[in-house]
Amino acid sequence: MDNSRGEWSSKIGFILAAAGSAIGLGNIWRFPYVVGQNGGAAFVLLYLFFVIIIGLPYMFAEMALGRSTQRNPVGAIEALKPRSPWKATGYLGLVTAFGILSFYAVIAGWTVGYISKMLSGRPGGFAAFIADPLLVILLLALFLAVTALIVHGGVAHGIERWSKILMPLLFIILVGLVVYAVTLKGASAGLSFYLKPDLTKITGRTMLAALGQAFFSLSLGMGLMITYGSYVSKKMNMVTSGLSIALFDTMIAIMAGLVIFPALFAMGKSPEAGPTLVFVVLPELFAMMPGGLIVGAFFFLLLSIAALTSTISLLEVPVAYLTDERKAGRKTVVWAAAFAAFLIGLPSALSQGASDFFTNFGLLPGRLASADFLGHMSFLFGDLSLALGAFLISLFVGWVWGAGRAADEIQSGSPGFARARNIWIFMIRFFIPAVIFVILLNLFGIFG
Ligand code: PHE
């Protein structure tokens with residue numbers, strides 16, 4: 001292996017870093033509000049189903065691409081099918097990484113701001129908080145600078161070491177919050193909303209929302225698992241690694257729901273608050289509990305930690321491309337990419353009330369995205385490009401590289417995969433692209 005590229009120092013290091021990428025605002029901020037808007041437990045069941053039958057098999061395809069070629073998303077495709085238009089799929093991944101990083105870091109900045117807001121004893125006033133231009137820009141810059149500092153340390157020394165410290169810490173804080181929330185008076189109504197499925201609530205729209213959430217949450221569709229998979233040694237068992245990543249990611253999302261729903265129902269609030277759920281409802285809740293502001297500060301600390309291991313992974317994708325293909329120095333590349341993400345993030349940061357123009361941007365129709373610039377970025381990069389990227393990558397692996405060759409790559413290090421091989425080949429060639437195609441149609445509003 002080319003030592004200058006780096007390699008994870010251990011299997012657990014890779015699993016923790018990839019799980020760190022997967023676990024983020026998607027699990028703790030997005031998952032509960034999407035569950036709340038889609039009727040509760042029935043949605044949770046569907047989500048679990050899609051993680052297992054779509055997310056996991058697709059994840060093996062990205063990891064196999066990365067390990068087989070030892071390259072970033074662009075280089076991986078170029079290595080297998082030189083000078084073909086498929087290379088554009090790799091570039092789409094890079095652009096998507098920047099796009100997601102730019103708005104994700106804005107929300108991550110709010111979570112950092114809320115740690116001190118909780119400690120200051122004035123947890124309310126979310127609307128004014130996100131409309132303060134200087135504050136949100138400073139928080140965005142801070143978050144990206146911390147991200148760059150860690151990525152700058154390189155693969156094993158930076159990302160892996162930090163993930164080893166941060167992920168177990170996140171888990172411990174979350175366990176404490178779950179215990180606290182489920183013992184609140186009135187928590188049981190929340191538990192039954194969250195855990196007792198009402199199957200009549202499953203509609204076509206709900207199914208597609210569950211699929212989209214599975215992709216975003218597992219960090220799939222933009223080549224992140226190609227990039228992280230490229231630092232994996234040939235001996236590693238991809239199947240058990242992928243299983244652990246999906247298991248950790250799902251556990252954290254389920255636990256986040258176990259904090260939020262009992263708490264919400266104990267307060268007699270509606271689960272349908274939408275994206276503001278975590279930032280508006282929970283601080284109010286924390287403020288009314290004895291000692292709750294400390295609990296709240298811990299909660300936002302946890303959310304910041306989870307977001308950081310995700311922004312690290314988002315920055316690593318373009319950094320891997322630039323260092324592999326452009327032979328640029330890693331340090332220069334890291335800081336230049338972080339600065340670019342900062343510039344692209346500015347309109348998103350200013351789009352929550354600070355600037356009228358970006359707040360009422362309204363380029364896309366309202367059925368696709370909310371009017372503000374951040375809503376546009378979230379739709380374009382968080383939904384549309386991920387689905388398109390996953391569609392193209394599964395077709396590339398299934399038909400261009402060859403599902404058999406990909407299956408051989410997965411099988412090396414995971415001999416037990418032989419038994420699932422034929423099912424997997426069917427999934428990657430037919431089933432997965434077909435299902436994603438349906439998501440894409442939905443994003444364009446075909447189903448109303
Ligand atoms: N999976 C991350 C989350 O749930 C978001 C993410 C998406 C990170 C795509 C990297 C790539 O927060």
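This short talk covers the aromatic contacts and one surface patch of the structure above.

Keep in mind that this is a predicted model.

Rings first. The structure holds 30 aromatic pairs. Take F31 and Y47. Their rings form a tilted pair, 5.0 Å centre to centre, with 50° between the planes. F31 sits in helix α2, residues 25-37, and Y47 in helix α3, residues 41-69, so this pair ties together parts 16 residues apart in sequence. Are these two buried or exposed? Both F31 and Y47 are buried.

Now W110 and F279. This pair is edge-to-face. The centres are 5.6 Å apart, and the planes make an angle of 80°. The pair links distant parts of the chain. W110 belongs to helix α5, residues 87-119, and F279 to helix α13, residues 277-288. That is 169 residues apart. W110 and F279 are buried too.

Both rings belong to a cluster linked by ring pairs. The members are W110, Y114, F126, F129, F279, F286, F299 and F300.

The charged end of K117 sits over its ring, 5.8 Å from the centre. Elsewhere, R30 lies over the face of F216, 5.5 Å from the ring centre.

Last, the surface. Which residues form the nonpolar patch? They are F171, V175, V179, L247 and M251, with about 400 Å² of accessible area together. α8 gives the most, with three. L247 is in α12. L247 counts as exposed because its relative accessible area is 53%, and the cut-off is over 50%.

Terms used
Residues are numbered from 1 along each chain as its sequence is written. This is a predicted model: local features need pLDDT of at least 70, side-chain atom pairs count only at pLDDT 80 or more; totals for chains, interfaces and linings use all residues. Side-chain values use heavy atoms; hydrogens and water are left out. Patches are made of residues with over 30% relative accessible area and no salt bridge: like charges are joined within 9 Å, nonpolar side chains (Val, Leu, Ile, Met, Phe, Trp, Tyr) within 5 Å. Accessible areas come from the Shrake-Rupley method with a 1.4 Å probe; for residues, only the protein chains shown count as cover. A salt bridge is a side-chain nitrogen of Lys or Arg within 4 Å of a carboxyl oxygen of Asp or Glu. Helices (H or I, at least four residues) and strands (E, at least two) are DSSP runs, numbered from the N terminus. Buried means under 20% relative accessible area, exposed over 50%, partly exposed in between (1.4 Å probe, protein chains only). Rings of Phe, Tyr and Trp (its six-membered ring) pair if their centres lie within 6.5 Å; planes under 30 degrees apart count as stacked, over 60 as edge-to-face and the rest as tilted. A charge sits over a ring if NZ of Lys or CZ of Arg is within 6 Å of the ring centre and within 35 degrees of the ring normal.
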